Amino acid sequence: MSAHPAALPRHVIERTVQTAFAEDLGEAGDITSQATIGPDATAVARINARSAGVICGLDCAIAAFSLIGLGLETMPFVADGAAVSVGDAILEVRGNARNLLAAERTALNFLTHLSGVATLTHSFVLQTEGTEAHICCTRKTTPGLRALEKYAVRCGGGHNHRFALNDAILIKDNHIAVAGGVAQAIAAAKAFAGHLVAIEVEVDTLGQLEEALASGVTAILLDNMDEDALAQAVAITAGRAKLEASGNVTLERIAAIARTGVDYISTSRITTASTPLDLGLDISID
């Protein structure tokens, strides 16, 4: 769990929140609040934790209340990356009641989803205690929310894998099949990339591992290997490359995988299988 993960750029947050508003408000806005609440009515609301977990998405929630219109003030009680218990206050909002209610669901959607990712990530991280293994996310993210979900992983104490297809070369089994083999794929990648672009290759067998090591790559993904094979891979590699275990990484297996001595363990579960953290907004008349 990280108490001070690097913040997301403001323009990324605002762009994503505005997209969510366009989806939720449409052209007419919150017609229920317009119909039932006077334009000058004010209220105070608090977002509280209804279950324990790790908070993430406060900047998104605050941006939602800020961008919805004039007249809202926010006061956070915790920071992203903080562990909370049931009943803890997360964020207070006060001001124009119509605007507060119009932004409520968008703010909560970001907070509950990203806090769920951070909470599940932290559960995985806890299982690696006492080892040198780092938990990493993958590119399996919700379309349009990758930056936010990868940030949530960091809030939960995890690490980010490559962000997109353009920032590192990861040679997978399908690349190897088309290229004609592990050595051929690595050679082509080295010729293309130069010395500044990271290259990692995925292997399915210990034989392919030996081939990758002979080709001089410094990062190797061990795909869907059991714990015995992973331990053998660590022994064979003997520090010549960083090893990443991936495939069928569950919360039940993670501790055993970490004990094999691999450097990284990547899993899509932390971004695709998380449950939204139960947070609620309680409102009172100002």
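**Close-up views of a predicted model**

**View 1. Ile-176 and its surroundings.** Apart from neighbours within four places in sequence, Ile-176 is in contact with Ile-171, Gly-181, Val-182, Ala-185, Val-201 and Glu-202; contact means heavy atoms within 4.5 Å. Ile-176 sits in helix 6 (residues 173-179). Helices (H or I, at least four residues) and strands (E, at least two) are DSSP runs, numbered from the N terminus. Is Ile-176 buried or exposed? Ile-176 is buried, with a relative accessible area of 9%. Buried means under 20% relative accessible area, exposed over 50%, and partly exposed in between (1.4 Å probe, protein chains only). The C-alpha atoms of Ile-176 and Ser-284 are separated by 61 Å, and these residues are 108 residues apart along the chain.

A note on reading these views: this is a predicted model, in which local features need pLDDT of at least 70, side-chain atom pairs count only at pLDDT 80 or more, and totals for chains, interfaces and linings use all residues. Residues are numbered from 1 along each chain as its sequence is written, and side-chain values use heavy atoms, with hydrogens and water left out.

**View 2. The whole protein chain.** Let us step back for a moment. The protein chain contains eleven helices and twelve strands, and its C-alpha trace spans about 70 × 40 × 25 Å along its principal axes. Of its 286 residues, 49% count as buried. Among contacts between residues at least 6 apart in sequence, 72% join residues at least 24 apart.

View 3. How many of the five residues of strand 8 (residues 199-203) are buried? Five of the five are buried. On one side lie Ile-199, Val-201 and Val-203, on the other Glu-200 and Glu-202, so that both faces are covered, given that buried means under 20% relative accessible area. Strand 7 (residues 169-171) runs parallel to strand 8 and is joined to it by three bridges; two strands pair if DSSP finds at least two bridges between them. Here Ile-169 stands opposite Ile-199. Strand 9 (residues 219-223) also pairs with strand 8 in the parallel sense, over three bridges, and Val-201 stands opposite Ile-220 in strand 9. Strand 8, helix 8 (residues 206-214) and strand 9 make a right-handed β-α-β unit. Right-handed means that, with the strands pointing away from the viewer, the path from the first strand over the helix to the second runs clockwise.

**View 4. Thr-237 in helix 9.** Thr-237 is found in helix 9 (residues 227-237). This residue is buried, with a relative accessible area of 1%. Leaving out residues up to four places away in sequence, Thr-237 touches Leu-209, Leu-213 and Leu-243.

**View 5. Helix 3 and what follows.** Which residues of helix 3 (residues 58-67) are buried? They are Leu-58, Cys-60, Ala-61, Ala-63, Ala-64 and Phe-65. After helix 3 comes Gly-69, whose phi is positive, near 155°.

**View 6. The cavity.** A search of the whole structure finds one cavity of 30 Å³ or more, and the largest cavity has a volume of about 40 Å³. On a 1 Å grid over the protein atoms alone, a cavity is a set of points where a 1.4 Å probe fits but cannot get out, and lining residues have an atom within 4 Å of a point. The volume is the space filled by probe spheres set on the points, which are joined across faces, edges and corners. Among the lining residues are Leu-222, Asn-224, Met-225 and Arg-253.

Key
1 Å grid on protein atoms, 1.4 Å probe; cavity = no way out; pocket = protein on both sides within 12 Å on 5 of 7 lines; lining within 4 Å.
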